[in-house]
Structures are given as C-alpha cells and as structure tokens.
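Dear colleague,

Please find the structure for your review below. My notes on ring pairing and helix packing follow it.

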Amino acid sequence: MSLELEDFPVFVEQVHGYRPFPWQVAYLQRVAQEGVWPDLDVPTGLGKTSLIDIWAFLLAWQAEQGLERTVPLRLFLVVDRRLVVDQAHDHATVLRKALDAAASESVAGHVAAALQQVGGEGVALEAIRMRGGVDWASRWLRSPAQPAVISSTVDQYGSRLVFRGYRTSARMRPIDAALCGMDALVAVDEAHIALPLLQTAVDCAAYQHTATEAVLADRAVRVVSLSATAHTGPDRPRHAIADADRQHPVAGRRLAAQRRLTLLDARSPKAKGGPAAVFAQATNAALEALLPVLARPVVGVVANTIRTARAVHEQLCRRDDVDVLLLTGRSRGSDRELLCHDPTVRELLTGVRPDRARPLVVVATQTVEVGLDVSFAGLITENTAVASLVQRLGRLDRTGDFDLAPAVVIRSFAGEAEDTPVYGTAATVTWEWLATHTPTHTLASLTSDGLRELLGEGLLLNPTTLPTLLEDTGPSALNVPDPLIPVIDRRLLDSWARTSPTPVPDQSPAPFLHGLDTSPEDVHVLWRADLLTHDGRPDFAQWGARMDQVPPHPGETVALPAAHLRRFLTRPTDGDDTSDLEATHPTPTAGDGKPARAKAPEMAPVVRLDEAENTWHPALAPGDIRPGDTVALPSSYSGHDAYGFTGAPGQPVPDLGDFPPRTDTAPTRLDTAILALLTDTDADIAALEKALANATARLRVGDNDDPPTVIVRELLDTLTTHFLSPTVDSAPEEEDRPWSGADLLRQRLAQLRAVPRWDLAAAGRSTTTGHVICDPDNDARLLLIPAHRKSGQLERTAGVGDDSADASSLTRPVPLPQHSKAVADRAAAFALRLHLPHELATAIETGAHAHDCGKEHPRFQCVLCAGDHLLAETLPEPLAKSGMDPADRVGRRRAARLANWPAELRHEALSALAVQAWLTTSPAHTEGQDKDLLVHLVASHHGHARPLLPPAPDPDPIEVTCTMPDQQRITVNSAGMGVDWDGPDRFAALNRRYGPWGLALMETLVRLADMACSEEGA
C-alpha cells in the first residue's frame, strides 16, 4: 500500500486507539496543501498535542511519496513553566513505542518505515526531554537527521536557539543552536505568555533566510502558536474548530462541559500567616462544600505560588477524610521522576476510580495548567488572570461527562491590586469582570451547606460560553500585559554567533525570551552530602575535589531565582514564594528592601562552578551568587523535599549525584554521609562507617589472597543486607508503593554487584573490570567506577566534553586512520540524509576526514600513551583515542604533564594549520569545495574557532607531518598553532554565506559524527 493523507485517521487509531477530531484532520490537509503551519485557535481539551501525530504523519508521507521534504525533522514542544508531568512527552513516547511495534503492513508500519528511511539510523522516532549539561553525555540527539519530538521550556529552547544555551558549555552551544534553529518546528503552548520567544524565533528565521546558500536559507526554524490569543503578526494564518467539531459526539461534549464557577471572597488583611494562610483556610472550607457533590472523588486545588500551595498542602494533610498530593515544578529532575512513580500520581494520570476509598485532593501550582492531561471533578483555585483561569478550568471535567463540575475561585490577597503575586492588576480586573456575570460571596457569611447550595448556580464557563462573555471586554485587560520585546539586529546576532571566545560584554538572551521586564536567569542548585565541615569550617579545597570527582548532572539540580537562593542562605525561615512560571519577578517580602549602605547579611558558605575554567570556587556572600551559576550546597542545609524546593529549614537533602539520567556507567561514591541519607532503614552510622573502613583497609593492603573483587562484593552485600530494608525484594510498581532514593541505591548496588571483576589500577578498567578508587583523605570512602560497556554499545560518561586534550577518548584505543575514515563516512551519511548539495556534502566529508590530523604531533601521541614517550615512539600507527579511563581525571592530567602538552593547547589548531598548507597545493581532492568552509570545519570541531582558536602556541615547536584525506603528507611547524588571524574574517563571511544556523549545522554534522564514532569505539 501507499501512504495517503486519507490514512491519517487510521494511523491515529492504530497508535492511540481513537479517531482524530475533525479539526485535526482538516489541519493536516491544510498543512499538506499550503506548506505552512497555521497557529492553532483551539480550546483546551481538544487535543492540541495531536500536532505530534500530524507532524510525524506528514514527514512520513512526504518521504514515502518521494516529495521534496518541507516538513521539519524536529518538533519542539515548548511551555513557559516547569512541569511535574509532561504528558506531551508521554504522548510522543506512546507514538515512538507504537511505531517500533507496528506491523509492517499497517498504516503505522508504513509511517515507521518511512521515518526510518528519513533518519537512516533504524529508529523511526526519538522522544526527548531537553536537559542541561556541559559534557557529551548531556547532548540530546545523536543524529541531525533523526526525526525527533523534543519537549522543553522557553528558557531551555530559546537560549539554545540564540547560541547562549543555559546550563551548556560554550563549546556545545553551536550544536544546540543548529538543532534548534534548522529543520525545526517549534510549537509554543500557552503562547500568550511566551510571545517574546515567538517573536525571537521569527526574527531568527528571517535572518537565516538571508543566507546566500538557498538550501540552508529555506530550512530556518518554523513557528506555531498553540494559543488563541498570541501571534507574531496580523498576517499569521490561524486554524480553528468548525461546526463539525461542535457536532462531534466527543468534542461537542467537551465544548459544552458543565463547569459552574462560584466566587468566594476570603480576604482578611490582618490574618496571621498572610494570604497563603487565608487561601489555605478558605480552601479547607470550600472543600467541605465540594466533597458531597463530586461526580468523582478527585479535586484540584491550584495556587499562584509555591508558598501558598505548601500552606494548603499542610492544612489539608491534617484531615483524615482525604488523600492529598502536592505537585510543584521547582524540584530536582530525579525527584520528579521518583514522584511520577508514586501510585497516587499514576492513578491520577490514568483516571481516579469512582469507588476510591477517600477522595484525592491534588494541590498544585501553575505546573498543572499545561502538560498534564487530568480531569478533576471539582476545582478550587486562587484568583488569577483570565488566561490562567481558562487553563485551570480546562482541567475540570475535561471529557464533559458530569452533570455538574463545580469550581470555586477564591480571592485571598488583600493588598493593592498591582502587588498581587505573579499576576498583578490582571487578577483583580479578572475578578471584577467575573463579578459582573455572577454574584460574589464572602467566606465569613457562608456555612459549608450554604456554599454547597450555591455551586449549581454558578457561572457556566466553557469554550462555548466564553466568547460571548468576552464580547464586551477585551482579553488584554484581563491578562498580564504583553511584555516589551527587544528587536534582534544583525550586530547582536553576529555577537551571539561568536561562541568561542564569547564577547565581553555579552548580551543575555533573557529579555528576548521573556521581554524586557523580566527577572535574570535562574541559578541551578544541587545538594551533596559529602561536602562536610571540619571544626565548623568548610574545607573548600576538599569540596572542589569532590565535586570534580563526580560532576553535577541535570537530574540533581533545581532552578531557582538567584534572589531566592540568597534569601534561603541568609534567611532560611522565609519560605518559598516563587511560582512555576519562568522568569517572573520574585514576590517582595518584608526585609528585602534594605538601605543602600546596610551591612550585607551573613550567608552560609557554598561553592559555585566557574564554567569557563571548569573549577569550583567558594561563595561566601550574597553577591558571589550570580544568575546562571551552578551552586552546590551541603545536604545538611536542607531546603528541598520529595515535592521540591521548600526554601525553609528541614531534613537533610538526599544526595542524588550518583544517579545521572541515561547512563549506567556512572561512578558511585560509597560514603557514610551519602549512604545514610539514601537508606530506607534507621542506619547504624557507626556500623556503616566501620564496614567501609574495613573494606578500604583491606584494599590498601593489596593481599593476593584477598583480591579487590572479593572485597568489593562483600562490601556491596553488607550494604544491601544491613542498610537497606530486608522486606523489600521487588520493584515499587509490583508492590504499589512510591519510589525512593533507597530504590535507586538498591538498583545501583545490584548493578555494581554484577560487575565480573574489580581492580585498583585505572588501566585495568575494561568491559569486564571495574575500577576501585580509595579516597586518600578518608579511610571510609570509596569510589566505584563500573566496567566499560561492551564493544559496539554507546558509553556516555559524565564529565567528558570538549575541554581537555583527549576529550573524546571514551572507550578503547583507536588508530587515527581508522577513526578519521569512520568520522568522514558518518558525516557524509548525515549530509546525504539531509539532502545537502554535493559540493557542501563533499566539503563536510573532507573536513571530517582531516579533523584530527593534528593529533600526529609526537607529544600529543605521548599524551594518548599516558605520558609514555617510548611507547608513543614505537606505535605502529598514530592513535586517535587513548583508551584511558575518562573518569580518571588525575591520570589524564598526569599524561598531559608528562608529555609537556598544556591544557589550553589544541590539536585542532594544528589540524587547521595542516589543512591550510595542504590547500596551497591545489589538491584535486578538494575541487569544487568551499576552502574557507573546509578550514573552519576542521578548526571548529571541538567548538572553538568561533571566531578564534585559543591563543596558545606550542611551548616547544617542532616540524609535524600530517596525513591528509588524499594520503598526501604535509609538514607544518607547530609554532603556528593558535595563531589564525584570518579566522574572524573567514567566520563572518561563512555566516553571511550559509547563515549563522546553517554554518552551525555543518559544524554539527562533523562534531556529532566524531562523538558517535568515539562512543562506538570506531
């Protein structure tokens, strides 16, 4: 069979088990016919997430029909808030799994085959959550041709688009920018609060369209708004529901859901505890009225700030007639993953049972407004702006099945309208607008029974009635004013494109993502249990060494406004008054406005990461913590629990540094302080320390009758038996219980127990042998590094990036000729799948082949031989990969020192020098290729030379002979390394010729090919 547009309904049914709505089929036909992606003017609850299915089907349809591909390869789903559960990502995951399992003759099978043909990697679709990170393990896509659905926030996507990715290294930014800005469709949910990103993406596309290379100009990012009220211009096409949707048996019922809204004024200016306590008390009273009339035992409570949500949660947890669940977005990624495994959360996502023993009350912030496909039977919400209110009501009886779906809107803030947290005057105007359509009731004048009687008389507010209600009131007055959006000009774009070195001063992307009136970039906070004090004083040298030993990963960090972290470290009793919207101003609290000359408050000491130097420095005063920093706190400081950041004292925070996402070869610290916080029993700390000390002592003795393998296995058995619950012998899902840090530890200990052998020698690590490291400063601390993955399997090791001389040595020794050919073949395959013009594809292939020729420098070969000059001189052929353990940073630094290879000296500088000398011979191999592009691809393959290479000359210059792709031997003097005065002009010309994102894309082809071959050991 041939894939036709008319097959789309069958495809959706095969994947999801239901047919698409009429508007979805019409949208697919419109995109296919017109070649544009209209903005979606579709009410909440009618399946805007189906854009994923529409995009995937159209991409496959064009491929199978042999049409010129105009559908982008990557779909980005962007929201302007932090999510606990991202069901758009879950939707993409369901699609991915369905395509993998589809029968070959089914419509889904044809779609899968076509997408595999597009990507060329044997994978139909990738479903990805964008995360931060500064090393290769953090990259989110292995192939630039792979069809992928990526879920992200405004900050994550937008900062990457403009070459300033938050929480990424400067050298990874060109890759991120290329993948975000070329062959990409970005769909922005709730676009009315993400208008700056929409405009910035449109501006970026306009500049890319000016590239003289037409193929790359036409592949600029495309934008879709998933909001009825936000667009970047009056000429933007829109797609709305039609009569067919209103008459549809399922869609029509959702559009006419019986959501009845009651206004409850609970303001009390002198109430103890402020608005948060007032809302919590009013919620408790409203719940009494709601519970008896619920059509299903599940109620949603939505607060505007995390502080208010926690106050409600604390209040309701005192009741014994309901189960309470708290959802906030400001939490560590790993904690969110654990929370999503909670049986109560799973029940919420799959549908609460009508016969539930006790009603479930879900207390949440804005995180529940998008990305979470749940249906409450009743809703209690804090007063907010109308757009936010509509989103919250969209979680009330989403299917339109109930005769009554009551909602209570509570007004608890008694201050001036403009001071209303998060929403300002818009919340008050919305309240007043609602009050013109339905009566306002005061909490003091009502009993629970009285409020219950009013619920059925409330204002009917659903997608059918809302347009009429808004006829006499412009929506803009009911919402937070549109932000002022700065304009991107050519000079700014040229500055952003320069990623190495970064210009000084450098324009922050924040105003272009959230508007001029915005707070600075967040800081990223993590907790480590092994950051200890001695005699009450921190040992910063030890703290830095321990952070270097196990670098931070995205799953253990939480993003916070810098002001809130400073406040927590100086006044930890204030609590957290942030919201789950990105880049909103912190709510002022008493004491924030200090006299200009007031003495700076004393701050608990922490360490912050200097990403430029990749070193950790003490932060001793509030001013030491800057927006964008990564900050490590001792676990003993508290401030985070299972639900997220608390901003208040409490229990020590479990250390999750050993559990990075997407890897099973991460180092594991066996340390008393760390293990004690992860165990699920009342651990005997003394016994735990004794067991570790005993094992360490035996390892240091090195008795042949007591080999490391035996000692490590005995220790792991002791930890599992004595310090983890003996009653737990199955996965949490099988026992219907929540996941915990103890489950992560139990899994990790089992993985370590399965390693066949253990060795104390770093060089002994292999695919069957793990590496044991004894801490020189602690007799009861070990570091276990698991065995390498087997040959042919990918190995992602945290901390391996572009910043060291041997950065890509991930697995085993690999000869340079073999590696160069493999990278060239892989890059050429990428270019072929992207249908790049022949002359560009051959330049990319040539650049990839020549990228590492500078590694033939004799002293660099000595680095790859662990500093052994004699071994380097006797190699049968030069090496590209050393085979040294990437986790052994000390050994790698020692090798560079022995070889007299300074850390800042770059082998790609010598490669570029050799290629320039080769081009002067007019080799036939490069006929028709862009010579400037060829030199740039070689010089930039580790993220430098944009526009300058590090100015690091060889301290001991020599003549070096390099082998070129045509096997010609070219000799250059290494004195020229790091000196390329033509670089800036060449870089500027290439950016005009190919566009900033087009040039970055071609670099990305070479670099992703290099990384993939390095991980595979090719």
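In this predicted model, Phe-163 counts as buried because its relative accessibility is 0%. In the pair formed by Phe-163 and Trp-997, the ring centres are 5.7 Å apart and the planes stand at 40 degrees, so the pair is tilted. This pair links distant parts of the chain: Phe-163 sits in the loop between helix 6 (154–161) and helix 7 (173–181), while Trp-997 belongs to helix 37 (residues 996–1016), 834 residues apart.

A further pair joins Trp-496 and Phe-512, with ring centres 5.1 Å apart and planes at 80 degrees, and is therefore edge-to-face. Trp-496 is in helix 20 (residues 490–497) and Phe-512 in helix 21 (residues 510–514), so the pair ties together parts 16 residues apart in sequence. Trp-496 counts as buried at 1% relative accessibility, and Phe-512 is buried with a relative accessible area of 4%. Ring pairs also link Phe-8, Phe-11 and Phe-57 into a cluster.

Turning to helix packing, the axes of helix 2 (residues 22–34) and helix 3 (residues 51–65) come within 10 Å and cross at roughly 40 degrees. Gln-24, Tyr-27, Leu-28, Val-31 and Ala-32 of helix 2 meet Leu-51, Ile-54, Phe-57, Leu-58 and Trp-61 of helix 3. By class, this contact holds nine nonpolar residues, one polar residue and no charged residues.

With kind regards

How values were computed:
Residues numbered from 1 in each chain as written. Predicted model: local features only at pLDDT ≥ 70, side-chain atom pairs only at ≥ 80, totals over all residues. Heavy atoms only, no water. Axes fitted to C-alpha atoms, helices over the stretch in contact; angles between N-to-C directions. Helix = DSSP H or I, 4+ residues; strand = E, 2+ residues; numbered from the N terminus. Contact = heavy atoms within 4.5 Å. Nonpolar A, V, L, I, M, F, W, Y, C, P; charged D, E, K, R; others polar. Phe/Tyr/Trp six-rings, centres within 6.5 Å; stacked < 30°, edge-to-face > 60°. Buried < 20%, exposed > 50% of the residue type's maximum accessible area, 1.4 Å probe, protein only.
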